[in-house]
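Please look over the model below before reading on.

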Amino acid sequence: MMWDQDDIRARFCHALSEMYKSEVPLYGDLIDVVWEADAKAVQDSQQSGASQMLNPDDILPSRHRVERHGAIRLGTAHELATVRRMFAVMGMYPVGYYDLSLAGFPMHATAFRPKTQESLDKNPFRVFTTVLRMELLTEKTRELARKALEQRDIFTPRLLALLDIAESQGSLTPELSAEFIANGLETFRWHSKATVTQDEYEQLKAEHPLIADVVSFPSSHINHLTPRTIDIDLVQRLMLNHGMPAKERIEGPPKRVCPILLRQTSFKALEEVVYFKDHFDSYVKGSHTARFGEVEQRGCALTRKGRQLYDQILEKVNLKAAEKGLKGEEHEKLLKHSFQEFPDSLPMLHDLGLAYFLYRLTPLGEQSSNQNTNNSPGSQPTILLRDLVAQGFICYEPLTYEDFLPLSAGGIFNSNLGEASQSSKLIMNADPDLDGFQRLLGACITDEFHLYGEIQRQSLEVCRQKLQLNTIA
């Protein structure tokens with residue numbers, strides 16, 4: 001019996017969320033805050049006079065409440081290639097390449113996620129997956145990292161066997177699917193016992209804290225699991241009201257009528273007790289800071305033209321903020337003022353080709369597709385899309401941005417952090433290495449712009465066929 005990839009992805013995502021909730025109780029509190037914010041936002045948008053709070057789960061799309069993105073950090077080609085095989089069982093594939101050296105991180109990344117609109121609508125679980133770039137580490141740290149990573153295996157033997165079964169037989173029984181989920185969780189479970197000594201940990205951390213997080217533990221623990229909200233500004237206020245250690249500002253574009261790309265905030269990373277090996281194979285108590293709680297609000301996916309405009313505006317904001325030392329409210333005012341240059345209505349985003357859209361027939365369009373009348377657009381071989389929209393035959397809605405923000409401004413931030421270390425300079429002078437990442441991955445990465453463009457094109461093609469048109473121009 002062929003397994004349902006959407007179902008196993010949904011079940012794995014739920015199990016991972018429950019595991020993370022038990023490991024980081026504050027994450028469970030964050031889920032409650034997000035529900036509270038969404039309920040209030042829904043209540044306000046409905047302009048309801050009802051005394052009883054509306055349930056956002058009754059109104060928002062079904063994917064909304066279960067939506068999560070996770071983030072993991074890997075160290076080797078074997079880990080990356082095996083994670084790729086693991087996510088493929090769940091219908092998740094590598095989309096997009098992220099060069100994190102721009103932000104001073106010695107790593108690069110992709111996101112594993114569903115690729116079709118149907119699968120995204122069912123469960124859009126996605127995992128941002130980074131891997132160390134060994135060539136960007138200093139020689140001493142590189143050798144220590146290699147030695148530590150060679151001594152660990154983040155996958156259970158049973159998981160590896162199940163991957164072989166899935167790939168060779170093309171199926172997993174319900175019983176094997178349950179085993180797959182249970183064993184897959186172990187890859188992402190937190191372990192408080194480090195695999196390095198405290199001196200080795202401090203050496204890794206001194207070069208970059210993320211290196212220590214990747215190398216020092218026996219698993220690729222989830223370092224955050226992110227719910228989605230419809231009002232991140234309200235979530236930010238509620239986090240502070242509930243006494244959560246929220247970060248100072250929301251990352252991403254400012255609040256808009258038509259949200260674009262991605263806005264994120266979080267509670268700050270927790271200091272957690274860990275135990276380091278000593279020279280007698282005993283453990284000594286220490287601490288580690290890495291895991292935090294993030295929340296996001298997703299807007300519409302931008303075209304290459306839209307992304308270029310976004311990056312240009314953001315770069316100007318960062319340069320001006322750095323020159324004038326703007327922070328907090330002053331930075332937010334500059335951001336909001338600068339983004340007035342970016343159109344903020346769906347018709348303008350559509351007509352200027354700044355965002356991707358999903359096309360559907362209106363009730364009038366559906367009626368015309370079933371009738372051959374003089375008023376039907378089907379009586380014309382070719383018609384302009386704008387005319388079909390203006391005449392009420394086709395409507396559109398923005399495609400959700402399913403990926404992660406570019407780091408075009410990362411280098412600007414880092415250049416204003418004071419004197420960079422030798423290792424930081426090595427990292428920030430590096431070039432992207434998509435080919436090298438794909439060799440580690442053992443597969444090609446899908447371009448996210450191509451995916452959005454295909455979904456848009458296919459939706460318009462369905463409309464064309466139903467309206468019996470030769471061409472929609």
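Is Thr197 buried or exposed? Thr197 is buried, because its relative accessible area is 15%, where buried means under 20%, exposed over 50% and partly exposed in between, with a 1.4 Å probe and protein chains only. This is a predicted model, in which local features need pLDDT of at least 70 and side-chain atom pairs count only at pLDDT 80 or more, while totals for chains, interfaces and linings use all residues. Residues are numbered from 1 along each chain as its sequence is written, and side-chain values use heavy atoms, with hydrogens and water left out.

Thr197 lies in strand S5, residues 193-197; helices (H or I, at least four residues) and strands (E, at least two) are DSSP runs, numbered from the N terminus. Apart from its neighbours within four places in sequence, Thr197 is in contact with Phe276 and Lys277, contact meaning heavy atoms within 4.5 Å.

Thr156 is found in the loop between helix H6 (139-150) and helix H7 (157-169), and Thr156 is buried, because its relative accessible area is 19%. The side chain of Thr156 makes a polar contact of 2.8 Å with the side chain of Asn183; a polar contact is a pair of N or O atoms within 3.5 Å, and within protein one must be able to donate a hydrogen and the other to accept it, while residues adjacent in sequence count only if both atoms are side-chain atoms.

A search of the whole structure finds one cavity of 30 Å³ or more, and the largest cavity has a volume of about 40 Å³. On a 1 Å grid over the protein atoms alone, a cavity is a set of points where a 1.4 Å probe fits but cannot get out, and a pocket is an open set with protein on both sides within 12 Å along at least five of seven lines, lining residues having an atom within 4 Å of a point; grid points are joined across faces, edges and corners, and a volume is the space filled by probe spheres set on the points. Among the residues lining the largest cavity are Ile31, His64 and Arg228, and helix H2 (25-46) and H3 each supply at least two residues of this lining.

The second largest pocket holds about 640 Å³ of space, and of its 22 lining residues, Arg228, Arg298, Glu397, Pro398 and Thr400 lie nearest its centre.
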